[in-house]
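Please look at the sequence and the model shown here before reading on.

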Amino acid sequence: MFIAGLFVGALGCVLAIQARLGVAPWDTFHIGLQKTFGLTIGIWSQIVGVVVILSSYAVAKIKPNVAMFINMICFGSFLDLILWTHVIPAPQTWTGRLLMFLLGVIVMTIGIGMYLSPRLGAGPRDSFMLAMNERLGWSIQRVRLIIEVTVLLAGAALGGPVSIGTVLIALLTGPLIQRTIPFWEKVMKRQYALPEPMKRQAG
């Protein structure tokens, strides 16, 4: 479930990229780094992951674990692999682009819920999101919004793509993740007798 969730999340990101209506804030940042310094989007995703892991430990004492590094390596690799194979062609009509974009957002949030549900550990970015939710009492929606708006501004400054779709992803992913995490935790509990899902604030 952990590895499958990472692949599904990467697939959702690629769907949004190919729709050309705007990408997730983190992808705006990664693409901006790619345009400025070269390398691939996936490699920059991995490099930024290392920086986030170190920063989270320095600021909030969030200790890195094996799952964080597996997440970082697999997600970036899946992202580059899907883009390299060209299995998802860019739609030519505006309606097709809109449908692909919305599908990408839904698939992306489903993937996040899937890989978090086994409780093997969140990735660098989501670990920070969950830490703020649990330690400071902020909701996932609020934390996600603050983080992604900050990253979006940095990505735009580096030349990453920004459009209405980028804003929609920043606004929609928090509420959607708020619902997908409990769903997949219940699935894992039924299948593997995991403890009750963690309670999180909804607002």
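Angles between axes under 35 degrees count as roughly parallel, over 145 as roughly antiparallel, 65 to 115 as roughly perpendicular and the rest as oblique. The axes are lines fitted to C-alpha atoms, for helices over the stretch in contact, and the angles run from 0 to 180 degrees between N-to-C directions. Helices are DSSP runs of H or I with at least four residues, numbered from the N terminus.

The model is predicted: local features need pLDDT of at least 70, side-chain atom pairs count only at pLDDT 80 or more, and totals for chains, interfaces and linings use all residues. Residues are numbered from 1 along each chain as its sequence is written, and side-chain values use heavy atoms, with hydrogens and water left out.

**Helix packing**

The axes of helix α1 (residues 2-19) and α4 come within 9 Å and cross at roughly 40°. The two helices, α1 and α4, are therefore oblique to each other. Their crossing is right-handed; a crossing has that hand if the near helix is turned clockwise from the far one by less than a right angle, and is left-handed if the turn is anticlockwise.

Helix α1 also packs against α5, at an angle of about 160° and with the axes 7 Å apart. That angle makes α1 roughly antiparallel to α5. The crossing of α1 and α5 is left-handed.

A further pair is formed by α2 and helix α7 (residues 140-157), whose axes come within 8 Å and cross at roughly 25°. This makes α2 roughly parallel to α7. Here too the hand can be stated: α2 passes α7 in a left-handed crossing.

| Helix pair | Axis distance | Angle |
|---|---|---|
| α1 and α4 | within 9 Å | roughly 40° |
| α1 and α5 | 7 Å | about 160° |
| α2 and α7 | within 8 Å | roughly 25° |

**Helix α4 and its ends**

Helix α4 covers residues 66-85, 20 residues in total, and reaches 28 Å from its first C-alpha to its last. That is close to the 28 Å expected at 1.5 Å a residue, where the expected span is 1.5 Å times one less than the number of residues. Several residues of α4 are buried, including Ala-67, Met-72, Cys-74, Phe-75 and Ile-82. Buried means under 20% relative accessible area, exposed over 50%, and partly exposed in between, with a 1.4 Å probe and protein chains only.

At the N-terminal end, α4 is capped by Asn-65, with a side-chain oxygen 3.1 Å from the backbone nitrogen of Ala-67. Just after α4 comes His-86, which takes a positive phi of about 55°. His-86 lies in the loop between α4 and α5 (94-116). With 66% relative accessibility, His-86 counts as exposed.

Helix α2 has 13 residues and reaches 18 Å between its first and last C-alpha, close to the 18 Å expected at 1.5 Å a residue. Among its buried residues are Pro-25, Trp-26, Phe-29, Ile-31 and Leu-33. Gly-38 follows α2 and has a positive phi near 90°.

Leu-39 sits in the loop between α2 (25-37) and α3 (41-60). Its phi is near 65°, a positive value in a residue other than glycine. Most residues other than glycine have a negative phi. Leu-39 is partly exposed, at a relative accessible area of 49%.

The loop between α1 and α2 holds Ala-24. Ala-24 is buried, with a relative accessible area of 5%. The C-alpha atoms of Ala-24 and Gly-12 are 10.0 Å apart, while the two residues are 12 residues apart along the chain.

**Cysteines and one further residue**

How many disulfides does the structure hold? It holds 0, a disulfide being a pair of cysteine sulfur atoms within 2.5 Å. Cys-13 is in no disulfide, and the nearest cysteine sulfur, that of Cys-74, is 14 Å away. Cys-13 is buried, with a relative accessible area of 5%.

Asn-133 belongs to helix α6 (residues 124-135). Asn-133 is buried, with a relative accessible area of 5%. Between Asn-133 and Leu-116 the C-alpha distance is 15 Å, and the two are 17 residues apart in sequence.

Conventions
A polar contact is a pair of N or O atoms within 3.5 Å; within protein, one must be able to donate a hydrogen and the other to accept it, and residues adjacent in sequence count only if both atoms are side-chain atoms.
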